[in-house]
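Subject: Structure handover

Hello,

Here is the structure I promised to pass on. Please open it alongside this email and follow the notes below.

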Amino acid sequence: MSKIRVRFAPSPTGPLHIGGARSALFNYLFAKKEGGDFIVRIEDTDLERSNRESEENIKDSLRWLGMDWNEGIDVGGPFAPYRQMERLDTYKAAVEQLFASGQAYYCYCSEAELEAEREASLSQKAMPIYSGKCRNLTKEERSAKEAAGIKPVIRLRVEGDEPIIIDDLVRGQVSFERAGIGDFVIVKSDGIPVYNFAVVVDDHTMNISHVLRGEEHLSNTPRQVVLYQALGWDMPQFGHISLILGKDKSKMSKRHGSVSVVNYKDQGFLPEALVNFLALLGWAPEGEREMFSLSELTKEFSLSRVSKSPAVFDIEKLKWLNGQYLHNLPKETIAEGIGPFVKEANLSEEQVLLLAETLQKHLNTFSEVTDYLPLFLGTENEPQNAEAAAVLAENTVPLVLKAFAEKFAKIEPEPENIKTILKEIRKENNLNGAQVFMAVRVALTGCQHGPDIHNLIALMGKENVAVRLAQTAKRVGQ
RNA sequence: GGCGCGUUGGAGAAGUGGCUGAACUCACCAGCCUUUCACGCUGGCAUUCAGGGGUUCGAAUCCCCUACGCGUCACCA
């Protein structure tokens, strides 16, 4: 059996989408698992929408996620070039072959004509299929059209009525009626091949063995099968991965929020977590474990455990997963990660480090750090709710706060020192932990829940603590 | 509308004829740990697999019908 060769073939019409990243990942994992090659090819035949920035973004995103490719753009390879617009000659050869065997023909129909035909069949509740009007034009008719300056498209002659059966790796046997396809366009009037044609030629000439892609391509597949048959080529194996859905169960798109990989990067997600999460979208590991590094996934992955039903993108789960990875990072790395989000606050390096340590177990993403900033920046400390207000109403509170203010004035505001004075207050007044800690916590932050209070106080600094204490004193009417 | 695919708890999702009297995870609730908070740990959480029929000794798992959801029908990929 020949070598496994798979490819990820995005069109550079925007930043790498979550769905694209998942397709790329499954291809990557399959290739690595089977000892095959992973190829990245760019499908840029849509001149209107393709652009280089998108291509750069796609490459960056793939690399950020940790997927490298054996062949393709940037790295080159034996089947270069890997950009469709640079492979026009290859398509031309295939078109010639199709003309030679009488399976392709020029079509001069105008868009308006086609549109009218389409509407007519639609109104009769039939499938819009090209009529085949230009199938048998004579030489004279053709030269007349050419003389009139009409640029033709090239269509494939699709005849017969045997059903088209696809043995899909994930969906099993799927069959389509040949009559439902019609003579479709393979080369546009500007001479550029259409997607369905270019993929077939590329996949064949690049020896692609397995085509793993999103389910939205399933209904394209019969056209490609017909093309393989017309060209007399062996087909790769197809596998259509179910779609990724948003919360409302429709295909994930912009209106579901962030859809491109860079968005997640910018929000402070870790590539390890995103890869792990993406792998779980439509694929399930064998055991109960669900945290896997990319290289572990490479060993665990198997096409037989890819599911047919669509996967819903659950952002909460992603956050949780990201948190799992985040919690295990050294505090220096966390400090680096939260850096961009605390820039405004002008914290010193030590403060950022202390903040990182303090929030480590609280953060699910780096960007969440901003939620915690008001706890020690600014002076907002009004009790958050009735329960918090009730804490301040305890009769031991004035005593605790007074003692705290006095002792705090005499120390350097460092976590260890703060720990010491709080312990002293507890002992000297014979109070329990909650009485001291809750009083101080609510008095200073207005919240009953939150990160380690010693660190928080240290981050506030002397002046801020004094202000907050005074505000609370005023509020409770002392 | 045609064609195609899917439908398991509040959410994600295992499970393709008996070991599932439906894993695991998120969320939620209870308890433990913790001098506070959090992390962590333990337990609880679908008499049931969209609905209806059928096949079978036995069905979430196979077949049929209905409903619903989604995808796709371009000189876009």
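A term to begin with: buried means under 20% relative accessible area, exposed means over 50%, and partly exposed is in between (1.4 Å probe, protein chains only). This is a predicted model, in which local features need pLDDT of at least 70, side-chain atom pairs count only at pLDDT 80 or more, and totals for chains, interfaces and linings use all residues. Residues are numbered from 1 along each chain as its sequence is written, chains are lettered from A and ligands numbered from 1 in the order in which they are written, and side-chain values use heavy atoms, with hydrogens and water left out.

Start at Leu355. Its relative accessibility is 1%, so Leu355 counts as buried. Leu355 sits in helix α13 (residues 349-359). Helices (H or I, at least four residues) and strands (E, at least two) are DSSP runs, numbered from the N terminus.

Which residues does Leu355 touch, not counting those up to four places away in sequence? They are Ile338, Val342, Leu347, Val369, Leu373, Phe376 and Leu459. Contact here means heavy atoms within 4.5 Å. The C-alpha atoms of Leu355 and Leu456 are separated by 8.2 Å, yet the two residues are 101 residues apart along the chain.

Leu355 also belongs to the largest nonpolar core, which has 130 residues. Phe197, Leu355 and Phe404 have the most contacts inside that core. Helix α1 (residues 18-33) gives the most to this core, with nine residues. A second, separate core has seven residues, including Tyr105, Cys107, Cys109 and Cys134. A nonpolar core is a set of buried Ala, Val, Leu, Ile, Met, Phe, Trp, Tyr and Cys residues joined through side-chain atoms within 4.5 Å.

**A helix crossing**

Look next at helix α3 (residues 88-100) and helix α6 (residues 195-205). Their axes come within 10 Å and cross at roughly 105°. Axes are lines fitted to C-alpha atoms, for helices over the stretch in contact, and angles run from 0 to 180 degrees between N-to-C directions. α3 and α6 are therefore roughly perpendicular to each other (65 to 115 degrees; under 35 is roughly parallel, over 145 roughly antiparallel, the rest oblique).

On the α3 side, Thr90, Tyr91, Ala94, Val95 and Leu98 take part; they meet Phe197, Ala198, Val201, Asp202 and Thr205 in α6. The residues of this contact divide into seven nonpolar, two polar and one charged. Ala, Val, Leu, Ile, Met, Phe, Trp, Tyr, Cys and Pro count as nonpolar, Asp, Glu, Lys and Arg as charged, and the others, Gly among them, as polar.

**Aromatic pairs**

How many aromatic pairs does the structure hold? Nine. Rings of Phe, Tyr and Trp (its six-membered ring) pair if their centres lie within 6.5 Å; planes under 30 degrees apart are stacked, over 60 edge-to-face, the rest tilted.

Tyr264 and Phe313 form a tilted pair: 5.9 Å centre to centre, 50° between the planes. Both are buried. Phe404 and Phe408 form a stacked pair, at 5.3 Å and 20°. Both lie in helix α16 (residues 397-409), four residues apart.

**Backbone points**

The peptide bond from Ala80 to Pro81 is cis, with omega near 0°. Pro81 is in the loop between β3 (71-72) and α3. Asp74 is in the loop between β3 and α3, and its phi is positive, near 75°.

Best wishes
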